[in-house]
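Here is a short report on charged side chains and their partners. Look over the sequence and the structure before reading on.

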Amino acid sequence: MTREALGYIQRNFLHETVLKHPDRAEATRVWNYPYAAIEEALVNAVYHRSYEEREPIEVRISREELAILSFPGPDRSIRMEDFRVGRAVSRRYRNRRIGEFLKELELTEGRSTGVPKILKAMAANGSPPPQFETDDDRTAYLIRLPVHPLATAPNAATDQVTGEVTGEVTGEVARLLRAMIGEMTRQDMQEALGLRHEDHFRAAYLRPALTSGLLEMTLPDKPRSSKQRYRLSARGRQWLQEQSHGSRQ
């Protein structure tokens, strides 16, 4: 699943910008997001997340950044200052067996090299430094990879994927999108759809809609907040408009 997710991101959301210079033959090549940094960040989330919590790993891609959110946050033995300089070494490891399996798949080295690799990959691409965030209770962990400022090609997160959205939208997600009115709570959405079971709603409706970028949270940095609301994203509104135009033809 991790490899499939990485492949999907690489195919649909990454692009290279080539800048030619009048004073020299060699062009400058930069990626909007370096793949090596994304791979390390996502594998790190799979390795260190809690498998006792039902919240999924979230990957959000916009024109400004690629963000990966997982639960819970880093172990309290790690200081956030150490993350920023690449010295994040934990005294306690979650999911050792999963780490060993990821190492066998050559997706991780298992020696606390993930954060330094992210920093090096972003620097080598000329990208702004990544941001590592958590709250005081370490309930969540957010890695932000800023887009390269020279990556001016059309944004894959909006332009290049538009033609593929329709084929990816399941019937359940389509029902949810059509039921959305402004900002709604999870309970509001379930009532609008006539669904009783929260687990089924999250698995079949809410998570796929969020993962595909058709819905967005009003409080993305606090996914479990009691004040959380959901709304159509720009991509979701565009999908509804395309469906509306298609039905009129």
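A salt bridge is a side-chain nitrogen of Lys or Arg within 4 Å of a carboxyl oxygen of Asp or Glu. Side chains of opposite charge can pair when their charged atoms come close. This is a predicted model, where local features need pLDDT of at least 70, side-chain atom pairs count only at pLDDT 80 or more, and totals for chains, interfaces and linings use all residues. Residues are numbered from 1 along each chain as its sequence is written, and side-chain values use heavy atoms, with hydrogens and water left out.

By the salt-bridge rule, the count is ten.

**Where the pairs sit**

Helices (H or I, at least four residues) and strands (E, at least two) are DSSP runs, numbered from the N terminus. A residue is buried under 20% relative accessible area, exposed over 50%, and partly exposed in between (1.4 Å probe, protein chains only).

Glu-16 is in strand β1 (residues 16-21) and Arg-29 is in strand β2 (residues 24-31), so the pair ties together parts 13 residues apart in sequence. Glu-16 is partly exposed, at 33% relative accessibility. Arg-29 is exposed, at 53%.

Lys-117 is partly exposed, with 32% relative accessible area. Glu-40 is buried, with 10%.

Arg-144 is in strand β6 (residues 141-146), while Asp-221 is in the loop between β7 (215-217) and β8 (230-232); the pair links distant parts of the chain, 77 residues apart. Arg-144 is buried, at 13% relative accessibility. Asp-221 is partly exposed, at 42%.

**Around Arg-186**

Arg-186 lies in helix α9 (residues 186-193). Arg-186 is buried, with a relative accessible area of 16%. Contact means heavy atoms within 4.5 Å. Beyond its neighbours within four places in sequence, Arg-186 is in contact with Glu-198, Phe-201, Arg-202 and Tyr-230.
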